[in-house]
Amino acid sequence: MKRTSLLSLIALLLVPIFAPAAEPADLQHTLLFRSGDHGSKFYRIPALVTAADGSVIAVADRRNDSQGDLPNRIDLVMRRSTDNGLTWSDQIVIAQHTPDRGFGDAALVVDRRSGDLICIFASGCGLWKSSAENPLDVCIARSRDNGLSWSEPRYITPQIYGPGCDNPAAKPISGLFAASGRALQLRDGTLAFVVAAHHTGEKWPPLYNYVCISEDGGENWTLLPGTPGAYGDESKMEELADGTWLMSIRNPRKGYRLYALSHDRGKSWSKPEPWRDLPDPACDGDILRYSLRSEGARYNRLLHSIPADTAARRNVSVALSYDEGATWPVCRTIWGGPSAYSSLTRLADGSIGLLSEVYPGGDGGYEIWFSRFTCEWLTDGKDDGK
């Protein structure tokens with residue numbers, strides 16, 4: 001029986017009945033990156049994470065003279081907040097472009113075991129020029145001081161695919177990159193991120209989604225063999241309360257977000273199905289575990305950010321699920337106008353942080369804004385997030 005048919009039968013039973021809560025705090029916005037900052041014409045591709053010490057790390061592509069993806073003069077830069085997003089540092093460079101390569105599309109994760117902050121990103125020829133012989137590179141940079149400083153980029157491409165990789169799962173792949181925004185750490189300590197990949201001899205589309213994992217804190221990475229098939233693009237993953245892996249997939253055909261499930265830790269995946277309550281205009285979004293009952297919370301909660309529109313990149317919103325992604329009964333607009341990629345984090349005080357691309361009009365491209373709100377605000381005062 002399809003999971004979607006089961007969901008419709010049980011959704012009403014799983015949505016909690018709320019008690020009155022205190023008046024929710026207001027939604028707060030702070031502009032972090034805009035055209036002209038540090039001499040750059042454009043900024044794109046938000047990534048957001050809360051470091052081990054509670055500081056908030058906001059990363060973006062500093063696209064110096066073009067809005068285009070790699071290959072271009074792109075730097076990875078960040079700003080840091082130590083007060084839950086109220087004030088921010090100046091820009092700190094994670095990876096500076098060189099005459100022959102740029103760096104972009106960051107995914108962020110904190111290793112709870114070491115406290116290290118890990119940034120995964122692309123470098124080199126660009127996805128559509130990548131080949132099995134000359135692949136788009138995958139890089140890692142590491143911060144051991146909560147984002148104040150970063151290691152030099154370390155190239156992990158041969159661990160994942162391309163020349164020098166002996167993993168049979170990688171043989172069909174001619175190009176891939178990590179989906180920007182959030183990577184994640186599973187409850188057993190395994191680090192993971194989802195890649196979008198094309199296969200040798202196949203013209204875009206399609207793209208395939210695979211998961212890469214590390215069991216040693218990000219030193220060594222392995223591409224897992226399972227893929228939901230030729231349905232994907234930039235995708236994210238979360239671990240459900242029962243250990244199932246849930247992949248949220250950008251829909252290249254627009255319409256509604258897709259999801260797939262793995263019950264064997266990425267060896268195989270279900271066929272993607274649409275989430276009818278999550279519109280998707282073929283755009284990157286983010287999924288975040290907010291709370292678990294097994295860790296003392298009242299409810300299991302997942303959050304999802306996405307432009308809530310079936311056709312156009314506008315109306316970036318955040319949805320809330322109480323039944324492990326089966327349904328999303330709460331959805332509230334953060335940016336009503338033109339807006340695109342976004343990234344989520346839970347802040348140290350329990351509030352929610354969102355980093356979004358917002359288009360103000362004109363020829364300066366997107367601005368990147370940080371937004372802060374609470375579960376109370378998201379649910380109009382019905383859920384205090386505890």
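For my own bookkeeping, Ala, Val, Leu, Ile, Met, Phe, Trp, Tyr, Cys and Pro count as nonpolar, Asp, Glu, Lys and Arg as charged, and the others, Gly among them, as polar.

**Entry: ground rules.** I am working with a predicted model, where local features need pLDDT of at least 70, side-chain atom pairs count only at pLDDT 80 or more, and totals for chains, interfaces and linings use all residues. Residues are numbered from 1 along each chain as its sequence is written, and side-chain values use heavy atoms, with hydrogens and water left out.

**Entry: confidence.** I looked up pLDDT, the predictor's confidence in each residue, from 0 to 100. The protein chain averages 93, and 94% of the residues score at least 70. Residues 1-24 are below 50, yet this stretch has 36 contacts in the model beyond near neighbours in sequence (a contact means heavy atoms within 4.5 Å). Where pLDDT is low, the predicted coordinates should not be read in detail.

**Entry: the cavity.** How many cavities of 30 Å³ or more does a search of the whole structure find? I got one. The rule: on a 1 Å grid over the protein atoms alone, a cavity is a set of points where a 1.4 Å probe fits but cannot get out, and lining residues have an atom within 4 Å of a point. Grid points are joined across faces, edges and corners, and the volume is the space filled by probe spheres set on the points. The largest cavity holds about 70 Å³. Its lining includes A179, R182, F193 and M237. By class I noted seven nonpolar, one polar and two charged residues there. Strands β13 (191-199) and β16 each give at least two of the lining residues.

**Entry: the four-stranded sheet.** Strands here are DSSP runs (E, at least two residues), numbered from the N terminus, and two of them pair if DSSP finds at least two bridges between them. I followed β16 into an open, antiparallel sheet of four strands, ordered β16-β17-β18-β19. Its edges are β16 (235-239) and β19 (273-280), each pairing on one side only. Neighbouring strands are turned by 30 degrees against each other on average, direction ignored (axes are lines fitted to C-alpha atoms). Four bridges join β18 (residues 255-262) to β19. Which residue of β19 is the bridge partner of G255? I found D280.

**Entry: the five-stranded sheet.** This open sheet runs β9-β8-β7-β6-β11, with mixed pairing. β9 (154-155) and β11 (181-182) are the edge strands. Two bridges join β6 (residues 103-110) to β11, and these strands run parallel. I checked A107 and found G181 of β11 opposite.

Definitions and conventions
Axes fitted to C-alpha atoms, helices over the stretch in contact; angles between N-to-C directions. 1 Å grid on protein atoms, 1.4 Å probe; cavity = no way out; pocket = protein on both sides within 12 Å on 5 of 7 lines; lining within 4 Å.
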